[in-house]
Amino acid sequence: MKTAVIVFPGSNCDRDSAVAVEAATGRAPAMVWHGEAALPPVDLIVIPGGFAYGDYLRSGAMAAHSPVMREVAAKARAGVAVLGICNGFQVLTEAGLLPGALMRNAGLRFICRDVALSVERDDTIFTRRYRAGATVTMPVAHNDGNYVADGETVARLEGEGLVAFRYRENPNGSTAAIAGILDPARRILGLMPHPERAADSVLGGTDGRALFEGLADSLAA
Amino acid sequence: MRARIHITLKHGVLDPQGKAVGQALAALGFAGVGEVRQGKVIDIELAETDPGRARESLREMCERLLANTVIEDYEIDLTG
C-alpha cells in the first residue's frame, strides 16, 4: 500500500500519521508539501491534524484551497482512499469532499483528552479491523470539533449509514454525537479523534492502530 | 471600489462565542442585554469600478472562500 501524507504550514500530526502508516504497512509514506500540484501514485491520502495556515479565516478554510487539494479531490473522485484526521477532517469539509462543518466547541474550551467512541460499522476499508458496536478510546485535541450540518444532511448520513464513529459522551456539542463520517462511496473518512496518537503502546493507547491495519488489509497492492 | 463584508452565523446555528460574550456583558452589570451574536467583518479593495460587477465578484468570493455557507450568512456593502 502506497500512501501520501499532505503537509501544510501548521500541520503537526503529519509525522505521527506517517509513523502509524509505516508501522501498519511497512512502507514509509511520501510526505507531500501543500504547494505541490501533483501527487505520486498512491492508494491512500492522509490529511493530518494540526492548524493549517494558523486556522486563518476558519479551521481548514485556507488549506482547502491550496494547490495540492485540487489533486486530492481528483484522486478522491478516482477512488483513492482519503483519511482526514482532526484538522484534516475540517479541511475535507471546507473542500466539499465531506458534508457539514466543524464549529467552535459548544463549551468554548480546547479539549485535549482521551474519549470513548463507538464504532458504528465494521464493513468499511477504515473500520474492518474493529467490531461494530465496540467502544474504542482515542485522544481528541481540538477547538473546533462541533459537527454541524442541516437536518436533511444529518438524516442522509444516518439513513445511508455514513456515520463511522460516534462519541459515547459528547464532548463538544456535535450533532448526534458524530465523531467521524464517510462519503457515500465510503472511500473518504473524516474524524476528529486521533487514531495515529493511539497507535503504539508507548503513546498510552493502541485502539487507533486497527484503523491503519484495516487500511493496509484493504489497500494492499 | 471598496467593500465591507459581514459574516454571521446563520439563525438557528448556536453561537457559543456570542453566548459567552452576552454572559460577560451581564457579569459587567450591563442590564437588558438580549441575545449576542458574534461575526466577522472583512474589508476589501477592488479594482472594479462597476457596482454590479463588483457585487457579483464579491458574492462569488463569499460563496467560495470568505463564508462557509453551511453555517454562515454574508452581507455585502459597497462602501465607495
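How many of the 8 residues of helix α3 of chain A are buried? The answer is 8 of the 8, and so this helix, residues 87–94, is largely enclosed by the rest of the structure. Buried means under 20% relative accessible area, exposed means over 50%, and partly exposed lies in between (1.4 Å probe, protein chains only).

## Basis of the report

This is a predicted model, in which local features need pLDDT of at least 70, side-chain atom pairs count only at pLDDT 80 or more, and totals for chains, interfaces and linings use all residues. Residues are numbered from 1 along each chain as its sequence is written, chains are lettered from A and ligands numbered from 1 in the order in which they are written, and side-chain values use heavy atoms, with hydrogens and water left out.

The predictor assigns the complex an ipTM of 0.86 and a pTM of 0.94. For chain B, the mean pLDDT (the predictor's confidence in each residue, from 0 to 100) is 94, and 100% of the residues reach 70 or more.

## Chain A as a whole

Chain A contains 5 helices and 11 strands. Helices (H or I, at least four residues) and strands (E, at least two) are DSSP runs, numbered from the N terminus. The C-alpha trace of chain A spans about 40 × 35 × 35 Å along its principal axes.

Of the 221 residues of chain A, 57% count as buried. Contact means heavy atoms within 4.5 Å; among the contacts of chain A with a separation of 6 or more, 74% involve residues 24 or more positions apart. The accessible surface of chain A is about 8600 Å², and 48% of it belongs to carbon and sulfur atoms. Such areas come from the Shrake-Rupley method with a 1.4 Å probe; for residues, only the protein chains shown count as cover.

The buried residues of α3(A) include A:Phe89, A:Val91 and A:Leu92, together with A:Gln90 and A:Glu94. After α3(A) comes A:Gly96, which has a positive phi, near 80°.

A:Ala149 lies in the loop between β8 (146–148) and α4 (151–159) of chain A. With a relative accessibility of 14%, A:Ala149 counts as buried. Apart from neighbours within four places in sequence, A:Ala149 is in contact with A:Gly100, A:Val154 and A:Thr175. From A:Ala149 to A:Leu215 there are 66 residues in sequence and 27 Å in space, C-alpha to C-alpha.

## Chain B as a whole

Chain B has 2 helices and 3 strands, arranged along the sequence in the pattern β-α-β-α-β. Its radius of gyration is 16 Å, well over the 12 Å that the globule rule gives for 80 residues, so chain B is more spread out than a compact globule. The C-alpha trace of chain B spans about 45 × 25 × 15 Å along its principal axes.

Of the 80 residues of chain B, 26% count as buried. Among contacts in chain B between residues at least 6 apart in sequence, 69% join residues at least 24 apart. Chain B exposes about 5200 Å², with carbon and sulfur atoms supplying 52% of that area.

Terms used. The radius of gyration is taken over C-alpha atoms; the globule rule is 2.2 Å times the number of residues to the power 0.38.
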